[in-house]
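Thank you all for making the time this morning. I would like to walk you through one model, starting from a single residue and then moving on to the ligand and the spaces in the protein.

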Amino acid sequence: MNKIIFITGATSGFGKACAYKFAANNDNIIITGRREERLEELKGDLEKKYHVKVLSLAFDVQDKHAVFSVINTIPDEWQNIDVLINNAGLALGRDFFEEADLNDWERMLDTNVKGLLYVSKAILPFMIKNKKGHIINMGSVAAKEVYERGNVYCASKAAVETISASMRIDLLRHKIKVTAIHPGAAETEFSEVRFKGDKQLAKKVYDGFTALSAEDIADTIFYCASLPPHVCINDLVITALAQADALYFYKE
Ligand code: NDP
Ligand code: 8X3
């Protein structure tokens, strides 16, 4: 197809699975994240397996100046971005409101909300110029229901849902699609990050049921991005069969 796909958080989980999915479709991929060595390894593998072009850009989405200076200097041949996948994000901690760490709250808001805003604002001029584009924002079931000790993570994803709805309205006149995807529990590095490296605690999250995989989410995003130009999936919730919403699971 040879579209250009810009993915934040491509060093792991959903973002990395998206890079493989779109590369397998012959699309050219801009992969981003903070861990440069992982980006270089992924770039090498995608180029070797799929013979597509890959541009790797290492930056922290929390760093406003880095976001704008990196994106503003993208080489000309990479500027016709067709799809932006705003996926970089994280949960930090699972604590009662009064016990939660302020630094965790700030990092979640800076990454999940402000980072998404910076990247979108930096890329939009390219899409507006081309009068086409598709922004896919990573929400969560945590945007739909608040759960105990989810406080600011849930709020950050509710913000992603609202920002997506607002973008969709404001970008209508530019013919830019906006899709928000809200996954339930998916086994990636997400819980290891949330529990700050405690692998046992992270693994327990997925005990007793078959969680979603990163590939399930990549397949869904690919589907949303492959619809005819006049069709847009606005808001999509996807969970494992064993999960009804953010709160209810059937575990064996
Ligand atoms: P992973 O931890 O596997 O991947 C997270 C990705 O985000 C990594 O590539 C990481 O890259 C990147 N990232 C995190 N912080 C930053 C930052 N400050 N700047 C740039 N990149 C950053 O988790 P998932 O793939 O599961 O999560 C992806 C998204 O999906 C997140 O927004 C998450 O909230 C959401 N989500 C996850 C669910 C799940 O159950 N797994 C369910 C619902 C939503 P690096 O560390 O190299 O910077
Ligand atoms: C990640 C899924 O249930 O941990 O957004 O909030 S959950």
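Let me begin with I31, which sits in strand β2, the run of residues 28-33. Please keep in mind throughout that this is a predicted model. I31 has a relative accessibility of 0%, and because buried means under 20%, I31 counts as buried. If you look for L42, you will find that its C-alpha lies 8.5 Å from that of I31, the two residues being eleven apart in sequence.

Now to ligand 1. Which residues come nearest to ligand 1? There are 30 residues around ligand 1, and those that come nearest are T11, S12, R34, Y153 and T188. The side chain of D60, in turn, places an N or O atom 2.8 Å from a nitrogen atom of ligand 1. On its own, ligand 1 has 880 Å² of accessible area, and the protein covers 96% of that. Two or more residues of the shell come from each of α1 (13-24), α5 (151-170) and α6 (190-194), and by class the shell holds twelve nonpolar, 13 polar and five charged residues.

Let me turn to the second largest pocket, which contains about 400 Å³ of space. Its lining is made up of 19 residues, with G133, H134, K175, K177 and P229 the closest to the centre. Strands β5 (133-138) and β6 (176-183) each contribute at least two residues to that lining, in which nine residues are nonpolar, four polar and six charged.

Finally, the cavities. How many cavities of 30 Å³ or more does a search of the whole structure find? The search finds two. The largest cavity, with a volume of about 80 Å³, is lined by 13 residues, and the closest to its centre are N86, A88, T111, N112 and L116. Helix α4 (102-130) and helix α5 each supply at least two residues of this lining, with α4 giving the most, five residues. The second largest cavity holds about 40 Å³, and among its 13 lining residues L92, G93, D95, M108 and N151 are the closest to its centre. Here, too, α4 and α5 are the elements that give two or more residues, and α4 provides the largest share, three residues.

Definitions and conventions. Residues are numbered from 1 along each chain as its sequence is written. Chains are lettered from A and ligands numbered from 1 in the order in which they are written. This is a predicted model: local features need pLDDT of at least 70, side-chain atom pairs count only at pLDDT 80 or more; totals for chains, interfaces and linings use all residues. Side-chain values use heavy atoms; hydrogens and water are left out. On a 1 Å grid over the protein atoms alone, a cavity is a set of points where a 1.4 Å probe fits but cannot get out, and a pocket is an open set with protein on both sides within 12 Å along at least five of seven lines; lining residues have an atom within 4 Å of a point. Grid points are joined across faces, edges and corners, and a volume is the space filled by probe spheres set on the points. Helices (H or I, at least four residues) and strands (E, at least two) are DSSP runs, numbered from the N terminus. Ala, Val, Leu, Ile, Met, Phe, Trp, Tyr, Cys and Pro count as nonpolar, Asp, Glu, Lys and Arg as charged, and the others, Gly among them, as polar. A residue is near a molecule or strand if one of its heavy atoms lies within 4 Å of it. A polar contact is a pair of N or O atoms within 3.5 Å; within protein, one must be able to donate a hydrogen and the other to accept it, and residues adjacent in sequence count only if both atoms are side-chain atoms. Accessible areas come from the Shrake-Rupley method with a 1.4 Å probe; for residues, only the protein chains shown count as cover. Buried means under 20% relative accessible area, exposed over 50%, partly exposed in between (1.4 Å probe, protein chains only).
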